[in-house]
Amino acid sequence: MKYEIKNQPFTVLTLEMERGESVKCQSGAMAWMTPGIRMETKTGGLGGIFKKAIVGESIAQNHYYAEQSGELTLAKHSPGDILAFNVSETPIIAQKTSFLASTEDVTMDIYLQKKGSVGFFGGEGFLMQKYSGRGYVWLEIDGAVQERQLAAGESLIVDSGYVAAMEATCSMDIESVKGFANVMLGGEGLFNTVVTGPGRVWLQTMPINALAMSLYAYMPHPTSNN
């Protein structure tokens, strides 16, 4: 199976599928396809439903089977990028709701941060997604993407929400922002995320919550009659 990612920031993923190949993808991701590709919706049983509900993914996934060679194009739900990962080489930890598609032999599990404080205070969340198995997974990234390679013990301090994905060899923790004025007036929140190597980390430039807040300022708001 060949793939091409294009048209950033309104990004699409085009898969060139040979007869007998198949992929699974997020509900509603299909933009267009050629004849001869069959769709089948599956939930993955109670265990699969529970895991997907916990991390905010759609309960059902669409599986596309190539009954003859053809093309399947998937689109992001919001402006941004799409990243491809070969999880046969190394498992990937990703933010919730980032799944777009994968080959059939890729599995998604709930990834729990080792330190509970990350879950209660860190912007990346206590629950993330871990992808492993054999094949490719394609993930949705908010905005543009920056990749950093961290050596063993090397850390990077990241504002909450900007970590899109990291290799499973990396670890994540939080640290509090120091200083009353920094917390109250700095606009960066109470905590930062600390990612420590070894491994690669992918950073996104426009987390969807930051985009939503930016747009909110320009939306009309109802006025009170009182």
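**View 1. Glu140 is buried, with a relative accessible area of 8%.** In this classification, buried means under 20% relative accessible area, exposed means over 50%, and partly exposed lies in between, with a 1.4 Å probe and protein chains only. The structure is a predicted model, in which local features need pLDDT of at least 70 and side-chain atom pairs count only at pLDDT 80 or more, whereas totals for chains, interfaces and linings use all residues. Residues are numbered from 1 along each chain as its sequence is written, and side-chain values use heavy atoms, with hydrogens and water left out. The side chain of Glu140 meets that of Lys76 in a salt bridge, at 3.8 Å from N to O. This pair links distant parts of the chain, 64 residues apart, with Lys76 in the loop between strand 7 and strand 8 (80-86) and Glu140 in strand 13 (residues 136-142). A salt bridge is taken here as a side-chain nitrogen of Lys or Arg within 4 Å of a carboxyl oxygen of Asp or Glu. Strands are DSSP runs of E with at least two residues, and helices are runs of H or I with at least four, numbered from the N terminus. Lys76 counts as buried because its relative accessibility is 11%.

View 2. Two strands are said to pair if DSSP finds at least two bridges between them; strand 8 and strand 13, which run antiparallel, are joined by six bridges. Within strand 13, Glu140 is the residue that stands opposite Ile82.

**View 3. Arg38, Glu40 and Glu67 are linked in a network of salt bridges.** Side chains of opposite charge can pair when their charged atoms come close. A search of the whole structure finds six salt bridges.

**View 4. An open sheet of four strands has the order 1-2-7-4, with antiparallel pairing.** The edge strands, each pairing on one side only, are strand 1 (2-6) and strand 4, and the twist from one strand to the next averages 20°. Strand 1 and strand 2 (residues 12-17) run antiparallel and are joined by five bridges, and the bridge partner of Glu4 in strand 2 is Thr14. Glu4 also forms a salt bridge with Lys6, the closest N and O atoms being 3.9 Å apart. Glu4 is partly exposed at 41% relative accessibility, as is Lys6 at 30%.

**View 5. The loop between strand 1 and strand 2 holds Asn7 and Pro9.** Most residues other than glycine have a negative phi, and most peptide bonds are trans. Asn7, although it is not a glycine, has a positive phi of about 70°, and this residue is partly exposed, with a relative accessible area of 47%. Gln8 and Pro9 are joined by a cis peptide bond, with omega of about 5°.

**View 6. Elsewhere, the peptide bond from Gly197 to Pro198 is cis, with omega near 25°.** Pro198 is found in the loop between strand 18 (191-196) and strand 19 (199-204). Thr97, in the loop between strand 9 (92-94) and strand 10 (99-103), has a phi near 65°, a positive value in a residue other than glycine. At 46% relative accessibility, Thr97 counts as partly exposed.

Terms used
Axes are lines fitted to C-alpha atoms, for helices over the stretch in contact, and angles run from 0 to 180 degrees between N-to-C directions.
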